[in-house]
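Dear colleague,

Here is the structure that I promised to hand over, with the sequence alongside. My notes on what turned up in it follow directly below.

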Amino acid sequence: MNQFKGSIAILGSGNIGVSLAKGLIKADYALPSQITLTRRNISNLSVLAEQGFVISADNSAVVGNADIVVLAVLPQQLNQLLEQIRPSVDAKKQVFISVASGVSCADIRSKLGEDVQVIRAMPNTAIAIGQSMTCVATDHATKDNVEEVIRMFETVGSVVKINEDLMTSATALCACGIAFFLRAIRAASQGGVEIGFHADEALKMAVQTAKGAADLLLQMQSHPEQEIDKVTSPKGCTIAGLNEMEHNGFSSSLIKGIKLSAVKAGALYTKE
Ligand SMILES: NC(=O)C1=CN([C@@H]2O[C@H](COP(=O)(O)OP(=O)(O)OC[C@H]3O[C@@H](n4cnc5c(N)ncnc54)[C@H](O)[C@@H]3O)[C@@H](O)[C@H]2O)C=CC1
Ligand SMILES: O=C(O)[C@@H]1CCC=N1
């Protein structure tokens, strides 16, 4: 695998920033010494410093030395960050990757300069273990820069390039989506406890069952209903349980939740 040669800055090293940093190292895309992590309170990053990452609270200085800059603060923290780094931006040197929900490439260019290269990426927290579903979009970045960003995120999971206007939908389905599936696994394990298993074994069983379901679809390239049909014996216990769940709104609640998350994902940022 071709290691990235330059320097990466992750500005805002919270949940997703740190997950990305860990994933890139695990995938051998870069060495810890090539990645600088910033955060307002850097004492929270001391464990990562021990692992060889460069740690800083000075966003502006870090941007000046970086080739790839990942913007990983909350949407409501972004404008302040962009103001801090603007003096250090060199449109010919850095490529900006924003993972911030609901902030367009044009919004970022309007703060950093119209000639700046901005690509949006929407990963999920499974990026820490190389299993992210990441959607990538841009409105103007060069083909070479988009290809490098796709290569970067492909080292830590799957990538789909989408139109920028679908980015909030991707946020709901994939970035929020991991929480929805995690809650479903938790609920299944709670059901397992009610029918006789200890919590730890119920969780283990639910996790492996969920993993098997996902892998069946990935490896067989089949449709969920095709696989469900193989489980539901006539007059059997699966169809009884499944229909009871549907009567209680199982699919409907998932669809409604995803739709609400998509609306919210587009409404977290104010341009000022
Ligand atoms: N958490 C997730 O699963 C995903 C989050 N995102 C996006 O990633 C962004 C970050 O989300 P989280 O990691 O969940 O939030 P978080 O709150 O865990 O991380 C944000 C970090 O930025 C730091 N920060 C704030 N202002 C700063 C500044 N001026 N300089 C340096 N650091 C600063 C905060 O101290 C915090 O550690 C958001 O825009 C969110 O929409 C995108 C995909 C998935
Ligand atoms: O909940 C959020 O707002 C962020 C964006 C997608 C995942 N977490």
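The shell around ligand 2 is made up of two nonpolar residues, two polar ones and no charged ones, where Ala, Val, Leu, Ile, Met, Phe, Trp, Tyr, Cys and Pro count as nonpolar, Asp, Glu, Lys and Arg as charged, and the others, Gly among them, as polar. The residues that surround ligand 2 are S101, T171, A175 and C176, a residue being near a molecule or strand if its C-beta atom, placed from the backbone, lies within 6 Å of it.

Please keep in mind that this is a predicted model, in which local features need pLDDT of at least 70 and side-chain atom pairs count only at pLDDT 80 or more, whereas totals for chains, interfaces and linings use all residues. Residues are numbered from 1 along each chain as its sequence is written, while chains are lettered from A and ligands numbered from 1 in the order in which they are written.

Ligand 1 is surrounded by 26 residues, of which the closest are G12, G14, N15, A100 and S101. That shell divides into twelve nonpolar, twelve polar and two charged residues. At least two residues of the shell come from each of α1 (15-26) and α4 (75-85), and α4 gives the largest share, with four residues. Helices (H or I, at least four residues) and strands (E, at least two) are DSSP runs, numbered from the N terminus.

As for annotated positions, an unreviewed UniProt entry places the feature "binding site" at N59; UniProt positions are given in the numbering used here, feature names are shortened, and annotations may be inferred rather than shown by experiment. N59 belongs to helix α3, which covers residues 59-64. N59 counts as buried because it has 25 C-beta neighbours inside 10 Å, the rule being that a residue is buried if 20 or more other C-beta atoms lie within 10 Å of its own, exposed if 12 or fewer, and partly exposed in between, with C-beta atoms placed from the backbone. Leaving aside residues up to four places away in sequence, N59 touches L11, T38, L81, Q84 and I85, contact being defined as C-beta atoms, placed from the backbone, that lie within 7 Å of each other.

Helix α4 has L78, L81, L82 and I85 as its buried residues. Because these cover an arc of only 100° around the axis, they sit on the same side of α4, where the arc is that of the directions from the helix axis to the C-beta atoms. Q76 and Q80, on the other side of α4, are exposed. The packing partners of the buried residues of α4 are β1 (8-11), α3, β4 (68-71) and α5 (105-112).

In strand β1, I8 and I10 point one way and A9 and L11 the other way, and all of them are buried. Strands β1 and β2 (35-38) pair in the parallel sense over four bridges, two strands being paired if DSSP finds at least two bridges between them. Within β2, L37 is the bridge partner of I10. Strand β5 (residues 95-98) is likewise covered on both faces, with V95 and I97 on one side and F96 and S98 on the other, all buried. Strands β4 and β5 run parallel and are joined by four bridges, and V69 has F96 in β5 as its bridge partner.

Two backbone angles may be worth a look. Most residues other than glycine have a negative phi. D28, however, has a positive phi near 65° and lies in the loop between α1 and β2; D28 counts as exposed because it has 12 C-beta neighbours inside 10 Å. Q221 has a positive phi near 55° and is found in the loop between α9 (199-220) and α10 (224-231), where Q221 is exposed, with 7 other C-beta atoms within 10 Å.

The unreviewed UniProt entry also places the feature "domain: Pyrroline-5-carboxylate reductase dimerisation" at residues 164-265. That span is 82% helix and 0% strand, and its end C-alpha atoms lie 13 Å apart.

For the protein as a whole, there are twelve helices and eight strands, and the C-alpha trace spans about 70 × 40 × 35 Å along its principal axes. Of the 272 residues, 33% count as buried. Among contacts with a separation of 6 or more, 66% are between residues 24 or more positions apart.

With best wishes

Definitions and conventions. Contact = placed C-beta atoms within 7 Å.
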